[in-house]
Amino acid sequence: MPETQLASPMNQVESIDPIKMLKPGRKITGVSAILLPLLEDHTVDWQGFDDHVARTYDAGLAPAINMDTGYGNLIDDATRIQALRRTQAIAGGRDFVAGAFVADRPGDTFQADAYRTGIDQIQSHGGTPIFFQSYGLTQGSDEQVVSHYQTLASACDSFYAFELATVFAPFGSIYSLGVYEQLMRIPNCLGAKHSSLDRVLEWQRLQLRDKVRPEFKVMTGNDLAIDMVMYGSDYLLGLSTFAPDAFAARDAMWESGDEGFYQLNDLLQYLGAFAFRAPVPAYKHDAAMFLKLRDQIQTDHTYPGSPTRPDSDREVLGHIARDLETLLKNAANPLQTTA
C-alpha cells in the first residue's frame with residue numbers, strides 16, 4: 001500500500017511579520033537544563049547537582065535533567081537514574097523534565113523498546129520525558145517519523161518532542177512543518193524544543209502553533225536568540241543553567257513591562273553568543289567555569305569525552321558574571337541604582 005503524504009501546512013502560515021508577533025506582558029514558561037558538575041577526581045559532584053536543581057526551582061524555573069547540558073549522551077545508566085532519584089526528592093511533587101536518550105548509529109532501526117525503558121525510568125521518578133532524537137527515530141519518510149512518535153506517545157502520560165540541529169549532535173534533525181503539525185496533533189505531546197538556531201523556522205512554528213493548537217509549547221532552544229520569548233516561544237535552554245536567577249528575573253520583567261528586560265536580556269545574550277560559539281558542545285565547559293566563578297560548584301571540570309574551552313574564557317566569563325551581579329542587585333534595589 002503506498003504511503004499517504006502528509007498535507008503541507010504552509011497554506012495555514014501567513015507571511016512572517018515579527019513585529020506583529022510580539023506578545024508583551026506574556027507570562028513565560030522557563031525550563032532550564034541542569035549541568036552535571038564534577039569533583040576534582042572527575043566523579044559527579046552530587047551535592048553541587050542538588051544545589052543547582054534547588055536554585056533552579058527557587059528561581060521559579062523547572063529543571064531539565066539528563067539533557068545535553070547534563071551530558072545525557074555520555075553518562076551511564078546508573079548516573080542517569082541517580083540524577084532522577086535526587087531530582088524527585090528535591091522536586092517534592094513539582095514538575096521537571098528529563099531526557100530519554102537512546103544511543104544508536106547511522107542506519108540503525110527505530111528502537112522503541114529502548115525509548116520505553118527511558119520513559120518508564122523518568123515517569124517512575126515523577127518526571128516528564130523529552131525524547132532526544134536518534135538516528136532510528138528520525139530516519140525514513142515524514143510519515144514514518146510521525147508514526148515513531150505516535151508509538152512512543154502511547155507509552156507515556158505526556159511528553160515533549162525535540163528538534164535538534166546537527167551543529168549540536170550528528171543524530172539531530174529539523175523536521176518539515178508537516179511533521180511538526182502532526183506532532184502538535186498528538187494529544188499528550190505538551191510541546192517541542194526547537195534547536196535549529198534559525199529564527200525564521202521558529203517563527204513559522206509559532207504561527208502554526210497559534211493556528212492549530214494554541215496551548216502547545218514551542219520551547220526555544222536557540223541560545224543565540226533568547227529574545228524569541230518576545231514572540232511567543234517559551235524555553236528549554238542550556239544557557240539558562242549559567243544563571244537561572246537572571247533568566248527568571250528577565251522573564252518577570254517581560255511579564256510586568258519593566259524596561260529593564262532589554263538590558264538584562266542583552267547581557268545574557270552576550271553570554272550566549274560567547275559560550276555557544278563553535279564548537280558548540282563546549283558550552284558546557286563555559287557553564288562549569290561560570291558556575292564556579294559564582295561560587296556555586298567546586299570545579300569547572302567537564303565530563304570525560306566532552307570538548308573544552310581555553311583557560312582564557314575565564315576572564316571574559318568573569319567580567320560577564322560581575323556585570324550580571326550588578327544588574328540583578330540593581331533590579332532588586334531600584335532606588336539604589338545610579339543614573
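Helices here are DSSP runs of H or I with at least four residues, strands are E runs of at least two, and both are numbered from the N terminus. This is a predicted model, so I kept to its limits: local features need pLDDT of at least 70, side-chain atom pairs count only at pLDDT 80 or more, and totals for chains, interfaces and linings use all residues. Residues are numbered from 1 along each chain as its sequence is written, and side-chain values use heavy atoms, with hydrogens and water left out.

Back to H11 itself (residues 283-293). I found 9 of its 11 residues buried, so the helix is largely enclosed by the rest of the structure. Buried means under 20% relative accessible area, exposed over 50%, partly exposed in between (1.4 Å probe, protein chains only). Among the buried ones I noted Tyr283, His285, Asp286 and Phe290. They pack against helix H2 (46-59), helix H10 (260-275) and helix H12 (313-332).

Next I looked up aspartate 234, in strand E8 (residues 234-237). Its relative accessibility is 2%, so I logged it as buried. Its side chain makes a polar contact of 3.1 Å with that of arginine 26. For a polar contact, N or O atoms pair within 3.5 Å; within protein, one must be able to donate a hydrogen and the other to accept it, and residues adjacent in sequence count only if both atoms are side-chain atoms. Leaving out residues up to four places away in sequence, aspartate 234 also touches others, including Lys27, Met219 and Val229. Contact is heavy atoms within 4.5 Å.

Then the rings. I count Phe, Tyr and Trp (six-membered ring) as paired if centres lie within 6.5 Å; planes under 30 degrees apart are stacked, over 60 edge-to-face, the rest tilted. That gives 18 aromatic pairs. Tryptophan 203 and tyrosine 231 have ring centres 5.5 Å apart and planes at 75°, so I put them down as edge-to-face. The two sit 28 residues apart, tryptophan 203 in helix H8 (residues 199-212) and tyrosine 231 in the loop between strand E7 (217-220) and E8. Both are buried. Phenylalanine 276 and tyrosine 283 are stacked instead, 4.3 Å centre to centre with 20° between the planes. I also traced a cluster in which ring pairs link Phe101, Phe132, Tyr135, Phe162 and Phe171.

Last, I checked for charges over rings (NZ of Lys or CZ of Arg within 6 Å of the ring centre and within 35 degrees of the ring normal). Arginine 94 has its charged end over tyrosine 57, 4.0 Å from the ring centre.
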